[in-house]
Amino acid sequence: MESITIPERPSAVGLSYTGDKWRYTQVKALEAFLRSDRKFFFLDACAGSGKSGIAIALANLLPAKAIILTHSLQLVGQYCKDAPNTLTMSGRGNFECFLNPDYTAANAPCNAGFRCKAKKECPYFKAKFRAISSKQPLVTNYSYFLNLSESQPVRTELLVCDEGHFAED
């Protein structure tokens, strides 16, 4: 892998930190990740140590599609707040039906066999296509990712499993 330099400020990799400064431990972890030729890494650090910032930095520094998985929508929201350049994706129940606002995409008529002619305009399918096809980092939860992976192949070169101990739940 070509040499990748850690920028002086977190904002250069899409992070919006107050003070725009790296923590010492973040720099050391990024250096270790970027120097290594290992395929798998585990980072165990206490809450508030900047693990999310490390994940976002890697996602934006490496020339690869990155998917960051979390166990909760609250943590997805934190990622999106800290790194506005990330995309997020959640289940159909979080999207209104394009044809009938009384339904969500989860209980819309198209899920009962109705052939929807507005699929290209559907907010759920538009967001899903953008999230999967874009080079921007995608942040989603384990549940959505696993359901998505069952129905179609999801390709990524960097998969971050934040709070990995929740993955099997």
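On a 1 Å grid over the protein atoms alone, a pocket is an open set of points with protein on both sides within 12 Å along at least five of seven lines, while a cavity is a set where a 1.4 Å probe fits but cannot get out; lining residues have an atom within 4 Å of a point. Grid points are joined across faces, edges and corners, and a volume is the space filled by probe spheres set on the points. With that in hand, welcome to this predicted model, where local features need pLDDT of at least 70, side-chain atom pairs count only at pLDDT 80 or more, and totals for chains, interfaces and linings use all residues. Residues are numbered from 1 along each chain as its sequence is written, and side-chain values use heavy atoms, with hydrogens and water left out.

**Overall layout**
- The protein has 5 helices and 4 strands, taken as DSSP runs numbered from the N terminus (helices: H or I, at least four residues; strands: E, at least two).
- Read from the N terminus, the order of elements is α-α-β-α-β-α-β-α-β.
- Along the principal axes, the C-alpha atoms fill a box of roughly 55 × 30 × 30 Å.
- Of the 169 residues, 39% are buried (under 20% relative accessible area; exposed is over 50%, and partly exposed lies in between, with a 1.4 Å probe and protein chains only).

**The largest pocket**
- Its volume is about 1100 Å³, and among its 30 lining residues Phe-33, Phe-41, Leu-158, Leu-159 and Val-160 are the closest to the centre.
- Helix H1 (24-35), helix H2 (51-61) and strand E4 (158-161) each give at least two residues to this lining.
- By class, the lining of the largest pocket holds 19 nonpolar, 3 polar and 8 charged residues (nonpolar: Ala, Val, Leu, Ile, Met, Phe, Trp, Tyr, Cys and Pro; charged: Asp, Glu, Lys and Arg; polar: the others, Gly among them).

**The second largest pocket**
- Here the volume is about 260 Å³.
- Its lining has 14 residues, and Gly-48, Gly-50, Lys-51, Ser-52 and Gln-78 sit nearest the centre.
- H2 and helix H3 (73-82) each contribute at least two of the lining residues.
- The lining of the second largest pocket splits into 3 nonpolar, 6 polar and 5 charged residues.

**The cavity**
- Searching the whole structure turns up 1 cavity of 30 Å³ or more, and the largest cavity holds about 30 Å³ of space.
- Lys-65, Ile-67, Ala-131, Ile-132, Leu-138, Val-154 and Arg-155 line the largest cavity, giving 5 nonpolar, no polar and 2 charged residues.

**The salt bridge**
- The count is 1 salt bridge, defined as a side-chain nitrogen of Lys or Arg within 4 Å of a carboxyl oxygen of Asp or Glu.
- Lys-28 pairs with Glu-31, with the closest N and O atoms 3.5 Å apart.
- Because they are 3 residues apart in helix H1, about one helical turn separates Lys-28 and Glu-31.
- Lys-28 is partly exposed at 41% relative accessibility, and Glu-31 is partly exposed at 28%.

**A loop contact**
- Pro-84 lies in the loop between H3 and E2 and counts as exposed, at 58% relative accessibility.
- Pro-84 and Gly-14 are 70 residues apart in sequence, yet their C-alpha atoms are 6.9 Å apart in space.
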